[in-house]
Every structure is written in C-alpha cells, then in structure tokens.
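Have a look at it first, then read on.

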Protein chains: 2
Amino acid sequence: MAGAPKANAVVGQSGGPTGTINASLAGVIEEVSKRSEIENLYGTIHAVEGIIREDFIDLKSLSVSVLEGVASCPSAALGSSRDKPDEEYCRRIFEVFKKRNIRYFFYIGGNDSANAAHIINVMAAEVGYEMRAFHIPKTIDNDLLVTDHCPGYGTAAKFVACALMGDDLDNRALPGIKVDVIMGRHAGFLAGATALGRQRDDDGPHLIYFPERTVPMDKFVGDVEDVYTKFDRCVVAVSEGICDENGVTWTERLVKEQEKDSHGNIQLSGSGILADFLAGQIRNKLGAMRVRADTLGYMQRSFVGFQSAVDIKEARRCGREAVKCSMAEQSGSIVMKRVGDGEKYAIKYGCTELRNVAGASKTMPDEFINSTDNGVTEAFVNYAMPLTGGLPKTYYLGNNPKV
Amino acid sequence: MAGAPKANAVVGQSGGPTGTINASLAGVIEEVSKRSEIENLYGTIHAVEGIIREDFIDLKSLSVSVLEGVASCPSAALGSSRDKPDEEYCRRIFEVFKKRNIRYFFYIGGNDSANAAHIINVMAAEVGYEMRAFHIPKTIDNDLLVTDHCPGYGTAAKFVACALMGDDLDNRALPGIKVDVIMGRHAGFLAGATALGRQRDDDGPHLIYFPERTVPMDKFVGDVEDVYTKFDRCVVAVSEGICDENGVTWTERLVKEQEKDSHGNIQLSGSGILADFLAGQIRNKLGAMRVRADTLGYMQRSFVGFQSAVDIKEARRCGREAVKCSMAEQSGSIVMKRVGDGEKYAIKYGCTELRNVAGASKTMPDEFINSTDNGVTEAFVNYAMPLTGGLPKTYYLGNNPKV
C-alpha cells in the first residue's frame, strides 16, 4: 500500500461525554504534532455536525498547558453530538473532506462512531479518495466489542464505587434500605462496579441487579427482605436497564411517553422514576421502614476532578495509537488487550477492523454475574478493579468490642 | 469554679452524616489522649440511642493509623441517630452518666444535638452533678447560628461545585436544559455553592433558586427561557427546599404522603419528584427540547475520597477545641470566627453558650442572593470559596477561533 498521505486531519468527539474522552483527544493532538504527514489538525465542534458546518478549530496551536489541562478535564472539550450519520450524511461529510484535503479522520466515540467512520472509509475507497479513518473507543457503559474495556469506564467505575462506599457508610450510620440506580444502558458493567469498594463482610451494596438478567419484582423485594432480616439494613445497586420477565425495561414500563434520542435508544437516565418506583415497591411490601432512593445521574460521566489515573493514561494512549496506526493502516478501531492481571495488570494496544466494532455492543459475560443473579463474581472484581486506579480505605467503628 | 473533674467522657455523632464529622471525632480523641483528667473515652454507637443502651466502645485504644483513617473517612464512624431527646429521654441518659461516672459529654451534630447537650447540662446542674457538655457543630446545610460556617459544609460545597462544573461541561457538549436539585433543607448555602466552579462568562449554573425566596413557576420557567434564548442551553441549580408563593415547599405540594423523620422535618431528599416536576414544567411550556433533571442525593454528604482539605482541618480542630474548652468551662458550642478573607482566609476558634445554638437555625443572608432572586452575589463567593479548599480548572475549546 501507499505511504501515509501528506494532508489535513480532523478529530471529533461523539456521543455521551466521559471523564477521559478529552485525554484521548490530547493523545491525538500530541501524536499528530510528531507527524509531518499531517499538516493541519482540525477539531470539529459538535462532532459530525461540525464537519458539515465546517465548524473547525486549529488544534496544533494549543499551548502545552492548555493541552494538559484538557487532558485532565472531563466532558468533550470539542462538544459532542448524538447525530448518527446515514449514507447521505456521510456523503456531505465526505464533500467537506475533499474540499479541505482532509485525509485523516479520528473519531472518539461508541459503536455508532465506529460505524460512521466505517461508512466514510468505504465511501472514500469506492471513489479512490485516499483517506484513513480511525475510531477511538470511549464509553462509560463499557459495551464495545473486541477491546478488553473502554476508556471512560474506569473513571465511571471509580465514581460509582466511591459513591456506594459512601452510601453504605451512610446507611450504617442511619440504617434502613437504600436503592441506587446506576447508568450503563443495556450493559451491567457499571452497576457491577458499585461492588468494588466493599471492604468488610457486611459492606454494601448487598444486592446488584443487571440488565443481563430479568428482575421480577417479587424476587427483587424478596432479596431485599432477606438482606434486611440479616443485617437490619440493605443497600441495593440497580442498573437503569433492568428488565421484567418479558425483557421490557422497567423504565419503559414506567415512562408513559418515551422520549427517544436520535439514535433510537430509549432515554433511561436523568429521571428518578425507576428509583422511586423501586423504593415504593419495597415500602409497600415490607412496611413503613426507612427506604430511600437515589439516581446517580450525569455525575457518573461528568464529575470534575475525580478521574481514574489508569483510565486517563490509557485513554490518552488510545488517542496516540490511533494516529500511529493511521501512518501504516487504512482504517481501524483501537483495541486494548489485557496481558497481565492483578498487580501485574498490563495492556497492549492494537487495532481491529472498524466493522468488528461498528453498530454492535456487548453485555456482561455470564462469569461476571453470580448464580443468584444479584451480585458480581470474583472474576468481575479482578477484571474491573485495576481500571479504577485504586480506591480509598473506609472505616466504621460500630462493630468494635463493647466496653 | 472547680477544676476539671477526673472522670470518664462520652462522644457521639448525631443527625445526617457529613464528609468531616469523623474528623471532628478524631479531634476529640486526640485531644482527650493529652488530658489526664479524662480516664476513659467512650464512643457511643448510634448517638443518644447508644448511651441509653450503654452501647459503648473504647476510643483511647485506637491505633494512630486507624485514628488517621477515621479522620479522612466520610460518614459517622460511630453510627448516628435521628432521635431528638426530650426531658424524659435526657433523664435516662443522665442515669447512665451517673452510673458510669461520665462527666464529659461531647456531641457532634446540628442544632438538635446542641439542644440535647443543653438539656442534659441543665439537668446535671439542677441536681449538683458536676459535668461538662459540649456541642461540636456539623451540617452540610451550614445553617447553625453564631459560627461563621459549619464543619461539613465546605466538603459538600466542593462536591456540588465539581458536580455542576462537570454538568455544565456536559451541557456544553450536548446542549439542552438541565435541572439539578441540591440538598440544604431550608437554607440555600449548598445550592449557592454550585456557582463556585464558574470560570467563563457563559458557564453554568446560569440560574440558582433558594429556599429563602419564593419561586413562582411562571418566573422559574421564564428565567429558563431567557437563558436558553441567550445561550441555546441552560443549567439550573435548585435547592430542595424552594417554596411557592404561599411559602409551602414545592416538594410538600408534590408529595401526597409526606414521610416525616422523628425530628418533625419533612424528608426532602432522596426522591426525584421535584427534579422531574421542574423538568416537566419546562418541557410543557417551552416545547420538546432536550430537558434533563438530576437529584444529587446522598452523595452530597457521603461521597468517599473527595473532602475539602480546609474542611477536614477545621472539623478536626473543632473537636480538639471542645475538649480544651471542657477543661475550663461548664458547657458550650464550638464557634469558628473568620478573622481573614480571600488569600488571607483565617479562622479563630471560640465557644458560645449552648442555648445560643440549640434548636434554631439560620438561612442565607440577603447580601448573598442577587437582586433577581436567581443567583449568588460576589459576597457569597468570597464567603464560600475558601471553604472548598480550591477547585479544579476546567477547559472547553468550542469557543476558540474558527479556521
């Protein structure tokens, strides 16, 4: 194949922001600065929308201090978009690429972003326009195919682990039943991460529910009652995507008017409806005990100043790898492969074909969910713990010997 | 007056946990360890409930590493209680004090805790039982009288500031209208703290609503529309305690069955009802734009690993001061007096009579709320900023010059 063309590049950020999508952007910028093949690096404002509007900024002129500031700041510094480009949309993007001599496209996002990069790449090949399209994975849901895990997940996992550590201490201090609804759409990885902070045998969350298993209400309330009987308190983490016996999400059943975003995904977050419903179910069946419910909300993806150091490092490296790969390959999606576990946790970086990631997603493997469908396994903890970059130790004195 | 008696002491933690109530506990423990007058230091498990049950642990034997661990861990390491002791309850406490030769009582909590200490102190004086009762302030609501601010508030302020910084970046990335409901009961200090992270002229929260001002729905929706017209997006922080024109909280109006805790306070937190209602009001009046809502929930008081360093230091000092004061005085509530502002921020510690703090609370002073009742003043920012211990810088590139 031909050498890497001398041309311009564009980088964009798509979908829901994460704590480390800007670290990936910083990785792209720093690696591009070393590559003479890439003349201008355009940042597109609001992803594919910005390309069509030619709403570009110059990223090569950023100062080092701004670059480092961006790298450590959550959310999408270029703005994002929920647009899911079809063939016609991609054609308009492609016109701008030709006009601006853009022959490198780096797109940080989920499977829809991989798909957009794929369509544009195929389109370019069909007309013999030499260009290179690379997808850099990001999502707090951790549901992308091929890669061991997704940049963005470790930070969200750290956040929910610390949230539940605190909530469990709070529940020890003022005992009762607490329900916390966790993001993750149709994958339970983030809900599972609420278990990572457990340090004592009776630490919560005592129960975790996943979208991968149906959650009948009688089982849910029965499980809560069992824990409450044992510990006089109960902390429950529930994925926003949990389903009833018919595979319909409880939220779908609860929300009369379903607001849909333009990807056709149901909007599961940002509402207290599931949390309040579950708290009500518990109250109705178990009596007037102290039951509280929280929906952790957008903080899970956007909270400032609390990212996982491991996640930031990996996300940045993924950005750099995309640029490196673009010097030798036509297209691809960056992949992390785990080559060491536990204290020897290590990742090797590679690249897979865009079509292997585009438009599909994965869920929690069976070996990560316990046999009673209400908790995680040791295998899951071993998988997810290294991604958080370590969690604080907590203290409770109420079980000390009495005097 | 007589010298400090040689006797035992008890320390307890009451009311809603905070990020630094354990730092105050650590302060009590370390100062007691220097005082030969105090023989045993009992920690009461679950506050006044534990005293009656004689559910005590020995706090003098804690290792230094556990003491430091407790000091940096949120929530109440001794457990807490919502019990509000009346005269009869205090009489039972007093019986245990006499039985165990307890003549020092350190109680970390809100105004109800100051009141409990006051009642017990008066009771002891009446029967000539020499004892000393001290209240150590804590609350995330920052609503205690006399003291400049309350330990626990700075950490909660830092949390909500970083939450809104992130949420505002998220809202820049995917524009729309976002409503965040903030704790604080009937005081707006915590809602006001959401403003502390603003760094650019168009940073959110663009609107903040306080319990100290009535919030008619037409004004609320009109304000949101004005901001949205100007910025094509809007981030709103709302105190959970906002009231309608009749002084009734919106939550009271919304919750049919009001669950009350045993202090007679309405339970305002832990439910998405206010957030979802406000989002619905905006959607109904302004059309089908992207409107989202979160209730920040218990994380505001319990999140692990994110405390304000200033708050931890001050909370610990308040614990130590209580023990010091007990060597010279009969009773009191620890008070922080501000003696320097801005970069010269400094606090002097003192003590006020229990009755000056007991059973009453304060709200935001007028000079902290802007003239349009929907934001804070510079005076508030100057007041609250030092308490957070500093906030991270954030970055957004979408306003950079176009190329």
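The two chains meet through 60 residues from chain A and 60 residues from chain B (two residues touch if their C-beta atoms, placed from the backbone, lie within 7 Å). Keep in mind that this is a predicted model, where local features need pLDDT of at least 70, side-chain atom pairs count only at pLDDT 80 or more, and totals for chains, interfaces and linings use all residues. Residues are numbered from 1 along each chain as its sequence is written, while chains are lettered from A and ligands numbered from 1 in the order in which they are written.

**Where the chains meet**

- On chain A, the elements giving two or more residues to the side that touches chain B are β2 (38-44), β3 (56-58), α3 (64-71), α6 (153-173), α10 (273-286), β9 (291-295) and α11 (299-302). Helices (H or I, at least four residues) and strands (E, at least two) are DSSP runs, numbered from the N terminus.
- α6(A) hands over the largest share of that side, with nine residues.
- Sorted by class, the side of chain A that touches chain B has 32 nonpolar, 16 polar and 12 charged residues. Here Ala, Val, Leu, Ile, Met, Phe, Trp, Tyr, Cys and Pro count as nonpolar, Asp, Glu, Lys and Arg as charged, and the others, Gly among them, as polar.
- The copies meet through the same surface, because 100% of the interface residues of chain A are also interface residues in chain B.

**How the copies are related**

**Chain A as a whole**

- Chain A has 13 helices and 11 strands.
- Its radius of gyration is 22 Å, close to the 22 Å that the globule rule gives for 403 residues, so chain A is as compact as a globular protein of that length. The radius is taken over C-alpha atoms, and the globule rule is 2.2 Å times the number of residues to the power 0.38.
- Along the principal axes, the C-alpha atoms of chain A fill a box of roughly 75 × 45 × 35 Å.

**Two domains in chain A**

- The domain assignment of chain A gives domain 1 (7-151 + 305-356) and domain 2 (153-303 + 364-388), with bounds that come from an automatic or database domain assignment.
- The C-alpha centres of these two domains of chain A lie 31 Å apart.
- Across the boundary, 26 residues of domain 1 of chain A are in contact with 23 residues of domain 2 of chain A.
- On the domain 1 side of that contact in chain A there are seven nonpolar, 11 polar and eight charged residues.

**The seven-stranded sheet of chain A**

- Seven strands of chain A make an open sheet with mixed pairing, in the order β3-β2-β1-β4-β5-β10-β11 (two strands pair if DSSP finds at least two bridges between them).
- β3 and β11 of chain A stand at the edges, each with a single partner strand, so one side of each is left without a neighbour in the sheet.
- From one strand to the next, the twist averages 30°. Axes are lines fitted to C-alpha atoms, for helices over the stretch in contact, and angles run from 0 to 180 degrees between N-to-C directions.
- Helix α1 (residues 21-32) of chain A packs on the sheet and touches β1, β2, β4 and β5 (132-137) of chain A; its direction makes about 170° with that of β1(A).
- β1 (residues 7-13) and β4 (residues 102-109) of chain A run parallel, joined by six bridges, and A:Gly12 stands opposite A:Tyr107 in β4(A).
- β10 (residues 331-340) and β11 (residues 346-352) of chain A run antiparallel, with seven bridges between them.
- A:Ser333 has A:Thr352 as its bridge partner in β11(A).
- β10(A) and β11(A) form a hairpin with five residues between them, and A:Gly342 in the turn has a positive phi of about 60°.

**Backbone details to look up**

- The peptide bond from A:Gly204 to A:Pro205 is cis, with omega near 5°; A:Pro205 is in the loop between α7 (189-193) and β7 (207-209) of chain A.
- In chain B, a cis peptide bond joins B:Gly204 and B:Pro205, with omega about 5°.
- B:Ala47 is not a glycine, yet has a positive phi of about 60°; B:Ala47 lies in helix α2 (residues 47-53) of chain B.
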